[in-house]
Amino acid sequence: MARGGRPRRPFRTERSRILVVTEGRVTEKEYVERLQQFLRGPISVSVTAVGIGRDPLKVVRECIRIRDEARKRQKPFDCSVCLVDVDTHTTLKSAIETAQREGIDLLVTRLKFETWLYWHVSESRAAHSTRQLDELMSKHKLLRDGKHLATHFPFASVDDAIRTARAADLSLGSCRCGPDPSSGMPVLVELMRGLTPRT
């Protein structure tokens, strides 16, 4: 109760809206959706899985299309993020340049998204092949059927993963491809927490 016996009105804040467009159709989408549930912050995250043949430039272009459509409908996003891997992409450089020009946070994980998942259970910063990363996912039971997140994925270790990612790439940030291994995912986590990402 406020002074004078009048009840206080609850303090309301506008919810921030983040558009996240992922290259992968399953793993990255599930991770972001379930991370949002775990964080329970004041951020609304819209996740779109592209799955169009591992082409980062197409991911960025799809992000631009969705962002611009939302603006036309008077429901703009506060920020737009793309998640891509390195793999053997030939359009990554163009994707980075386009994202920078459009004000989109392009977050690259090298070698692939499983690197970021692995850092939830390990501080190892050794480079791994695709096959080795797949074996680590199986060993630590992080994925089901090779794609879906395990039911009990260790989201509580997300800050451990952030520390490992920052140790692996001292220049970690948006719109850059770091060393092998590396991941720009801490930027998205901080955005989802309502923080200004450290770059």
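User: Before we start, what are the ground rules for the numbers?

Analyst: This is a predicted model, where local features need pLDDT of at least 70, side-chain atom pairs count only at pLDDT 80 or more, and totals for chains, interfaces and linings use all residues. Residues are numbered from 1 along each chain as its sequence is written, and side-chain values use heavy atoms, with hydrogens and water left out.

User: Okay, leucine 143 then. Why is leucine 143 called buried?

Analyst: Buried means under 20% relative accessible area, exposed means over 50%, and partly exposed is in between (1.4 Å probe, protein chains only). Leucine 143 comes in at 12%, so it is buried.

User: Where does leucine 143 sit, and what does it touch?

Analyst: It's in strand E5, residues 143-144. Helices (H or I, at least four residues) and strands (E, at least two) are DSSP runs, numbered from the N terminus. Skipping residues up to four places away in sequence, leucine 143 touches Thr27, Glu114, Leu117, Met137, His148, Leu149 and Ala150; contact means heavy atoms within 4.5 Å. Threonine 27 is 116 residues away along the chain, yet the two C-alpha atoms are separated by 8.4 Å.

User: How do you know that cysteine 79 is in no disulfide?

Analyst: A disulfide is a pair of cysteine sulfur atoms within 2.5 Å. Searching the whole structure turns up zero disulfides. For cysteine 79, the nearest cysteine sulfur belongs to cysteine 63 and is 9.6 Å away, so cysteine 79 is in no disulfide. Cysteine 175 is in no disulfide either, with the sulfur of cysteine 82 as its nearest, at 8.7 Å.

User: And are those two buried or exposed?

Analyst: Cysteine 79 has 18% relative accessibility, so it counts as buried. Cysteine 175 is at 11%, so buried applies there too.

User: On to the helices: what makes H6 oblique to H7?

Analyst: The axes of H6 (residues 158-168) and H7 (residues 185-192) come within 9 Å and cross at roughly 135 degrees. Axes are lines fitted to C-alpha atoms, for helices over the stretch in contact, and angles run from 0 to 180 degrees between N-to-C directions. Under 35 degrees counts as roughly parallel, over 145 as roughly antiparallel, 65 to 115 as roughly perpendicular, and the rest as oblique. The H6 and H7 angle falls in "the rest", so H6 is oblique to H7.

User: Which residues make that contact, and how many are nonpolar?

Analyst: From H6 you have Val158, Ile162, Ala165 and Arg166, and from H7 there are Pro186, Val189 and Glu190. By class, that gives five nonpolar, no polar and two charged residues. Ala, Val, Leu, Ile, Met, Phe, Trp, Tyr, Cys and Pro count as nonpolar, Asp, Glu, Lys and Arg as charged, and the others, Gly among them, as polar.

User: What about the threonines: why is threonine 115 called buried?

Analyst: Its relative accessible area is 4%, so buried is the label. Threonine 115 is in helix H4, residues 114-118, and its contacts beyond four places in sequence are Thr109, Arg110, Leu133, Pro181 and Ser182. Threonine 98, in helix H3 (residues 92-102), is at 12% and therefore buried as well.

User: Proline 181 is on that contact list. Which kind of peptide bond joins aspartate 180 and proline 181?

Analyst: A cis one, with omega about 5 degrees. Proline 181 lies in the loop between H6 and strand E7 (182-183). The bond from arginine 110 to leucine 111 is also cis, with omega near 15 degrees.

User: Last one: what makes glutamine 74 exposed?

Analyst: Glutamine 74 has a relative accessible area of 68%, so it is exposed. It sits in the loop between helix H2 (56-72) and strand E3 (79-85), and has a positive phi of about 65 degrees although it is not a glycine. Most residues other than glycine have a negative phi. Lysine 141 has a positive phi too, near 55 degrees, and its 64% relative accessibility makes it exposed.
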